[in-house]
Structures are given as C-alpha cells and as structure tokens.
Amino acid sequence: MFVPFLIMFREGLEAALIVSLIASYLKRTQRGHWLGTVWCGVIVAAALCLGLGIAINETTGEFPQKEQELFEGLVAVVAVCILTYMVFWMRKVSKSIKVHLEGAIDQALNSNRGQGWALVAMVFFAVAREGLESVFFLLAAFQQDVGIEAPIGAVLGLVAAIVLGFAIYYGGVKLQLAKFFKWTSLFILFVAAGLAAGAIRAFHEAGLWNGLQATAFDLSNVLSTDSLFGTLLEGMFGYQQAPSVSEVIVYFLYLIPALILFFLPTQKQLKGATSSAGHKTQR
C-alpha cells in the first residue's frame with residue numbers, strides 16, 4: 001500500500017506542480033482567461049490515462065498462464081525504465097522547470113494561430129506523461145500485490161497530491177521540493193531494482209529464462225515473507241525469502257550503477273563548483 005501511495009503522491013505532485021506553475025504564470029501575466037483551456041488539457045490527459053489503465057488491466061486477465069507471466073514481466077521492465085527515467089529527469093530539470101514552462105507558455109500563446117490548441121497540447125502532454133508513468137508502475141505493483149490495499153494506497157496518494165497542489169497554488173504552502181524529490185528518488189531506485197528482479201522471475205515462469213535458477217540464499221527462517229516485516233519488504237522492494245541467483249544478479253546489476261549515477265554530481269553542480277573555485281583563486 002505504501003509504495004503505490006508514494007509513487008502516486010510523487011507523480012501526482014509533479015503533475016500538480018506543473019499545472020500550478022502554468023496557472024500562476026498565466027494569472028501573473030494577465031492571461032487568466034486561458035485557465036479554462038488548461039483544465040481542458042488536464043481532464044483529457046487524466047481521462048486517457050485512466051481509460052488506458054482500466055483497458056489493460058481488464059484484458060490481461062484473459063491471457064493463458066504463460067502469456068500472463070510474460071506480460072507481467074514486460075510490464076515490470078517498462079515500469080523499471082519509466083521509474084528510472086522519472087528519477088533522472090527530475091534530478092536534471094528540478095531547478096529549471098519553471099523557466100522552461102514559462103518559455104513554453106509564451107511560445108504557445110504568441111503564435112498567430114491555434115493558441116488555445118497549443119496550450120491544451122502543452123498541458124495535455126505534461127500531465128499525460130506523468131499519468132502514463134503511473135499507469136505502468138501501478139500495473140506492475142498490482143500484479144505483485146493483488147489485495148485491495150494497493151489500489152487504496154494509489155488513490156490516497158493521488159488525493160494527497162491534488163490537495164497539496166491546491167495548497168501550493170492557493171495558500172502559498174512552501175515545500176522543500178529539492179529534498180523531497182531527492183529522497184523519494186532514492187527510494188524509487190530500490191523499488192525499481194525489486195521490479196527488475198521480479199521481471200526476471202516472471203520471464204522464468206513464462207519459460208523464457210531458465211538460467212541461474214539455483215537458490216542464492218534462503219532467509220525463510222530469519223525473515224519470512226509470512227512475517228509482518230517480510231511482507232512489508234516484499235510489497236515495497238520486491239523482497240523474496242529464497243531468490244534465485246539470476247534475481248539477485250539482476251537486482252544488483254540495476255541498483256549499483258543506478259546509485260552511482262544518482263550520487264554523481266550533475267554538470268551544473270560541477271560548473272558551480274568550478275566557478276566558485278575560480279572566484280576564490282582570483283581573490
């Protein structure tokens with residue numbers, strides 16, 4: 001329940017921040033009459049993502065067992081790719097997203113024709129990108145956790161994001177976004193590693209991968225998935241009490257490079273450090 005909540009809260013908050021930045025800029029530049037157009041883009045994108053998620057979820061139950069496992073593995077791979085992209089994209093643009101959005105709004109509204117459609121398209125693609133990321137992650141999460149807790153967590157996370165988005169827009173609520181996205185991104189990398197290991201397990205059950213299937217270790221006597229803590233770890237990070245060698249290898253093949261790249265300084269940070277060193281030298 002916690003992982004769907006966190007992912008939907010983060011994804012929903014990203015979308016809410018984008019929409020609130022657009023709405024604030026339109027009001028600040030005396031173009032508030034375009035707010036209705038913004039909401040059209042939001043509603044269309046949300047409806048598309050919801051419809052796609054429902055359609056995929058309803059049709060997959062009709063697959064035979066092996067095809068079902070194959071589909072689950074493919075969804076897990078897509079979810080890993082999307083979560084990884086989400087983490088590193090936000091790491092790259094978090095400090096400049098406001099400038100980029102305002103430039104895109106000016107470009108859309110300064111065109112001679114189709115101003116409304118250009119603004120709708122901009123909002124639509126911004127929200128749809130977050131929504132489609134959420135759809136594929138939730139499909140992977142729901143396949144691992146078949147109970148009602150996962151959908152409840154996802155809904156609660158989305159509601160919390162919407163409430164916070166309105167609070168930021170109307171109430172001027174301050175949130176340390178840099179720290180929020182940094183620590184949630186780190187958590188998401190561990191979630192993605194668990195999904196990657198789950199994908200190789202699904203491919204084995206589908207008959208596509210049969211190598212390295214010996215048990216790497218067995219912690220059933222120490223930390224069973226039947227225990228409360230084991231169940232939490234399984235739901236959050238894809239923990240298995242007796243994983244295969246291939247699952248462990250895939251887990252660390254993803255996690256170690258991802259963590260190294262995550263903690264490496266960005267180009268902007270390197271340039272800032274270089275310029276600071278240059279100023280000190282001149283003094």
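Predicted model: local features only at pLDDT ≥ 70, side-chain atom pairs only at ≥ 80, totals over all residues.

Which helix gives the most to the lining of the largest pocket?

Start with the pocket. The largest one holds about 1100 Å³ of space. Its lining counts 38 residues, and those closest to the centre are Met-8, Gly-12, Ala-46, Leu-158 and Ile-162. Four helices each supply at least two lining residues: H1 (2-28), H2, H5 (115-144) and H6. Now the answer. H2 gives the most, with twelve residues.

What classes of residue make up that lining? Nonpolar residues number 28. Seven are polar, and three are charged.

Next, the surface. A nonpolar patch is formed there by Trp-39, Ile-43, Leu-158, Ile-162, Phe-166 and Tyr-170. Together they have about 640 Å² of accessible area. Two helices give two or more residues each to this patch: H2, spanning 35-60, and H6, spanning 149-171. H6 has the largest share, with four residues.

Is Tyr-170 buried or exposed? Its relative accessibility is 63%, so Tyr-170 counts as exposed. The cut-off for exposed is over 50%.

Now put the two features side by side. Leu-158 and Ile-162 belong to the nonpolar patch. Leu-158 and Ile-162 are also among the lining residues closest to the pocket centre. H2 and H6 both contribute to the patch, and both contribute to the pocket lining. For the patch, the largest share comes from H6. For the lining, H2 gives the most.

Methods
Residues numbered from 1 in each chain as written. Heavy atoms only, no water. Patch = residues over 30% accessible without salt bridge, like charges linked within 9 Å, V, L, I, M, F, W, Y side chains within 5 Å. Areas by Shrake-Rupley, 256 points an atom, 1.4 Å probe, with all protein chains shown as cover. Salt bridge = Lys/Arg side-chain N within 4 Å of Asp/Glu carboxyl O. Buried < 20%, exposed > 50% of the residue type's maximum accessible area, 1.4 Å probe, protein only. 1 Å grid on protein atoms, 1.4 Å probe; cavity = no way out; pocket = protein on both sides within 12 Å on 5 of 7 lines; lining within 4 Å. Points joined across faces, edges and corners; volume = space filled by probe spheres on them. Nonpolar A, V, L, I, M, F, W, Y, C, P; charged D, E, K, R; others polar.
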